Amino acid sequence: MKRFTTIIAITALLMVGNVFAQGDITFQVDMNVKMQELLFDPTNGSDIVVVRGNLNGWAGNTEVLANASGGADSVWAGTFTLTDSAAVYKFVMIVTAGELWEDAIPNREADISGGTQTLPVVLFDDDSVVD
């Protein structure tokens with residue numbers, strides 16, 4: 001009986017460990033279209049891109065992305081430690097005119113139960129056409 005109880009306890013700990021898995025997740029967004037549309041200007045010193053979602057209560061500017069190549073391209077990325085098994089999020093531009101959310105698409109979702117990973121590069125608002 002003691003052996004059975006030990007096996008059950010170990011199994012429960014492993015399951016709890018998976019539920020509360022922690023990992024560094026790198027978010028990436030291509031801002032090229034928004035830069036060409038003059039909606040996002042990283043050279044002005046105030047425009048930034050952040051990630052908002054279940055990782056931060058859908059608020060704040062803590063999860064700020066930086067230019068992934070130091071200015072050579074339009075991909076912005078940031079790595080943050082998450083404790084949930086799934087990320088539900090959107091990218092938000094903080095610009096002089098205010099906050100511009102990805103509003104043409106549903107919330108983005110990522111299974112992050114596998115621990116540390118890099119999410120694929122996506123277009124802001126999945127927008128591939130310069131207006």
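Tutor: Let us begin with contacts, meaning heavy atoms within 4.5 Å. Leaving aside its neighbours within four places in sequence, Gln28 is in contact with Val75, Trp76, Ala77, Phe91, Thr118, Leu119, Pro120, Val121 and Val122. This is a predicted model, in which local features need pLDDT of at least 70 and side-chain atom pairs count only at pLDDT 80 or more, while totals for chains, interfaces and linings use all residues. Residues are numbered from 1 along each chain as its sequence is written, and side-chain values use heavy atoms, with hydrogens and water left out.

Student: Why is Gln28 called buried?

Tutor: Buried means under 20% relative accessible area, exposed over 50%, and partly exposed in between (1.4 Å probe, protein chains only). Gln28 has 17% relative accessibility, so it counts as buried. The residue is found in strand β1 (residues 23-30); strands (E, at least two residues) are DSSP runs, numbered from the N terminus. Its side chain also reaches the backbone oxygen of Leu119 at 2.6 Å.

Student: What makes Thr83 partly exposed?

Tutor: The relative accessibility of Thr83 is 44%, and therefore the residue counts as partly exposed. Thr83 lies in the loop between β4 (75-82) and β5 (86-95).

Student: What makes Arg52 and Glu99 a salt bridge?

Tutor: The term requires a side-chain nitrogen of Lys or Arg within 4 Å of a carboxyl oxygen of Asp or Glu. In the pair Arg52 and Glu99, the closest N and O atoms are 3.0 Å apart, and the pair forms a salt bridge. Distant parts of the chain are linked in this way: Arg52 is in strand β2 (residues 48-53) and Glu99 in strand β6 (residues 98-101), 47 residues apart.

Student: Which labels do Arg52 and Glu99 receive for accessibility, and why?

Tutor: Arg52 has 4% relative accessibility and so counts as buried. Glu99, at 44%, therefore counts as partly exposed.

Student: With which residues does Arg108 form salt bridges?

Tutor: The side chains of Arg108 and Glu102 meet at 2.7 Å, N to O. Arg108 also forms a salt bridge with Asp126, the closest N and O atoms being 3.0 Å apart. The latter pair links Arg108 in strand β7 (residues 108-111) to Asp126 in the segment after β9 (122-123), 18 residues apart.

Student: Why is Arg108 classed as it is?

Tutor: Its relative accessibility is 10%, so Arg108 counts as buried. Asp126, at 44%, therefore counts as partly exposed.

Notes: Helices (H or I, at least four residues) and strands (E, at least two) are DSSP runs, numbered from the N terminus. A polar contact is a pair of N or O atoms within 3.5 Å; within protein, one must be able to donate a hydrogen and the other to accept it, and residues adjacent in sequence count only if both atoms are side-chain atoms.
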